Amino acid sequence: METGRPAVMEPDPVPAELVLPREVAAGIRAARSSGWTPRSDGSPFELRLSAAG
């Protein structure tokens, strides 16, 4: 999932804007409604969400 914001990979430095759990949940819902089936084989599913709220 691409949100336009950095992922936290290390404890330092912390980005100014974190991806919140509710945004992850919204991304999962959007992907599921767009046809993503998490346990199916195949190519990776790409989902791009706007960073603007």
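User: What share of the 53 residues in the chain is buried?
Analyst: Buried residues make up 11% of the 53 residues. Buried means a relative accessible area under 20%, exposed means over 50%, and partly exposed lies in between (1.4 Å probe, protein chains only). This is a predicted model: local features need pLDDT of at least 70, side-chain atom pairs count only at pLDDT 80 or more, and totals for chains, interfaces and linings use all residues. Residues are numbered from 1 along each chain as its sequence is written, and side-chain values use heavy atoms, with hydrogens and water left out.

User: Why is Glu46 called exposed?
Analyst: Its relative accessibility is 62%. The cut-off for exposed is over 50%, so Glu46 counts as exposed.

User: What makes the pair Glu46 and Arg48 a salt bridge?
Analyst: A salt bridge needs a side-chain nitrogen of Lys or Arg within 4 Å of a carboxyl oxygen of Asp or Glu. For Glu46 and Arg48 the N to O distance is 3.3 Å. In general, side chains of opposite charge can pair when their charged atoms come close.

User: Is Arg48 buried or exposed?
Analyst: Arg48 is exposed, because its relative accessible area is 59%.

User: How many helices and strands are in the chain?
Analyst: There are 1 helix and 0 strands. Both are DSSP runs, numbered from the N terminus: helices are H or I with at least four residues, strands are E with at least two.

User: How do you know that the span of H1 agrees with its 13 residues?
Analyst: The expected span is 1.5 Å times one less than the number of residues. For the 13 residues of H1 that gives 18 Å. The end C-alpha atoms are 18 Å apart, so the two agree.

User: Why is Glu23 called partly exposed?
Analyst: Glu23 is found in helix H1. Its relative accessible area is 25%.

User: Where is Thr37, and why is it called partly exposed?
Analyst: Thr37 is found in the segment after helix H1 (21-33). Its relative accessible area is 43%, so Thr37 is partly exposed.

User: What makes the link between Thr37 and Ser40 a polar contact?
Analyst: A polar contact is a pair of N or O atoms within 3.5 Å; within protein, one must be able to donate a hydrogen and the other to accept it, and residues adjacent in sequence count only if both atoms are side-chain atoms. The side chains of Thr37 and Ser40 are joined at 2.6 Å, so this link counts as a polar contact.
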